[in-house]
Amino acid sequence: MCDGTLVAAVEEERFNRVKYAAGFPAAAIQYCLKQAGVELEEIDHVAVPRDPYARLGTKLFYALRMPSFARGRAKVLVKFTGVREALAAAFDRDAHVIRAQFHRIEHHQAHLASAFFVSPFERAALLSADGLGDFASTMWGSGSGSRMDIDDAIAFPHSLGLYYTAVTQYLGFLKFGDEYKVMGLAAYGEPEQMDAFRDIVQFDENGNGNGFRLGLDYFVHHRNGPEMSWADADKTPTLGKLCSVGMSRRLGAERAPDAALEQRHRNLAASLQARLEEVYLGMLRKLGKACGLKSICLAGGVAFNCVANGKIFESTPFERVYVQPAAGDAGLAVGAAYYVWNQKLRKPRSFVMDHAYWGPGFSPQEIRAAIQGSVLAREGFCVTELETEELTRRAAAIVADGKILGWFQGRAEWGPRALGNRSIVADPRRPDMKEILNSRIKHREIFRPFAPSILAEATGEWFEKSHPSPFMTLAYAVRPEKRALIPAPTHVDGTGRLQTVTRDANPRYYALISAFRDLTGVPVVLNTSFNDNEPIVCRPQEAIDCFLRTKMDALVLGDFLVTRGR
Ligand SMILES: [Fe+2]
């Protein structure tokens, strides 16, 4: 960030091609400085979104009871003090050339800053909710101008994120990030176990304070420590088991990862989601009443629960919602930077994050070289360079013809969603498109929905709400009369996790959807991320590899249209 304006933001996984890669993000930092045209010795401030000294009392209390946890914490302290050295090593320089001031920003304060300081709101209520960070899971407060105030926080072991992860594991989904799958599964079930789930997460909306508690008999993390291992940059983090035998005693046997999905599991997913919504929306109602504000900024992994977010308008006093595209822990980097700029240095706000394209982009020369260096330049493919209007018209015709299109444009998206620069685009009108995409390219569980991208001005005509959702962080009901027209990205419960697209935010993607509308009368395309069980493609080479590996029909790379055959 330079003088209050965000210049670049990217996750390390896009470079080292390891999903959710942990460890020191050397390649991402190298890219950001290169994009900014800034040398290592020119950096004024380095903000790290972790404060090992936060909640020291609570940590000591647990450390005395859990020796393995204490050892883990000690390692974290050692790691933090090595940031200056790691940064210097990433540039092959001596640590003493770094003259920057280093700042430790507490995890959830960085989350709140990541949402508020780049939001379009002058004043807003703020809520951060996730698994665990700096020994807290939830924090809320309010922001005004270039300052935010914290009201309160919920500390370990009580956590909505760990609750969701624990039941996700219980349902047999063990990978990091699988909570998203279970949210999709929930739409197929009935929340028939609410008594049990109200005991698993206890919350009294009419009680004092705004806290919830976990029924700790159902969990083990408060006894064993949250065993999260994310030591190496070439590894995806892993999380130890969170649910106890108490959970199986109450809900029935755990599902093994390879066991069949039964209706009972779908109903449990529905109950999990319904209870999350009760607590999350209940907390937002209390927060809204207490602060009297109409705008809310959300962050933390729980803020990716687009189904719950979509219900904020009818269920809480809030009328405007902002969730920046990297609402999870990746976004802490932006939050920590803005915390230093606005909160600590007291600089006025001057920036709104109104698009997500902060990652690497490639020149026409680089794209041409990538094509020429690949098999696309040889027989069997047709490569054409086109003007924008002809390019989008031909690409839209390919999509309207039922073909699958890889769409690679501009700078890569910040955050986990593809938003029209590293996307796979398909026809939303075809009921079988979900199966086609799954069998040919994505190989995902069939119960997971695909998302629609819609021209922003058409939102209210196709969905029951029209509040902007530029980053796919809200799900709305598709209008009943429109559901049969866009069956592919309409979920089984009639909702869609939409991206509203404006010409300002992404002119070329807007032009593609407009051309599709001109051909079909439908201002919507199906948008899924450009990847196949890997991090979203970053460079043209990765897009070409993914195109060749999968059975995609056509590929647009910048100004180039690539089709198979001839
Ligand atoms: Fe977090």
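**Exercise 1.** Identify the residues that coordinate the iron ion, and classify the geometry of its site.

*Solution.* We begin with the donors (N, O and S atoms within 2.8 Å of the metal, or 3.2 Å for Na, K and Ca; water is not among the atoms, so sites may look incomplete). In this predicted model, where local features need pLDDT of at least 70, side-chain atom pairs count only at pLDDT 80 or more, while totals for chains, interfaces and linings use all residues. Residues are numbered from 1 along each chain as its sequence is written, and side-chain values use heavy atoms, with hydrogens and water left out.

Step 1: the iron ion is coordinated by H107 (NE2), H111 (NE2), D130 (OD) and D329 (OD), at 1.7 to 2.2 Å.

Step 2: along the sequence, these donor residues follow the spacing H-x3-H-x18-D-x198-D.

Step 3: the angles among the four donor atoms run from 89 to 149 degrees, and the site is irregular. Four donors count as tetrahedral if all angles lie between 85 and 135 degrees; four count as square planar and six as octahedral if opposite donors are over 155 degrees apart and all others between 65 and 115; anything else is irregular.

**Exercise 2.** Locate H107 and H111 within the helices.

*Solution.* Both H107 and H111 belong to helix α6 (residues 107–116), where they stand four residues apart, about one turn of the helix. Helices (H or I, at least four residues) and strands (E, at least two) are DSSP runs, numbered from the N terminus.

**Exercise 3.** State which residues of α16 and α22 meet.

*Solution.* From α16 come I367, A370 and I371, and these meet P540, Q541 and I544 of α22. By class, this contact (heavy atoms within 4.5 Å) has five nonpolar, one polar and no charged residues; Ala, Val, Leu, Ile, Met, Phe, Trp, Tyr, Cys and Pro count as nonpolar, Asp, Glu, Lys and Arg as charged, and the others, Gly among them, as polar.
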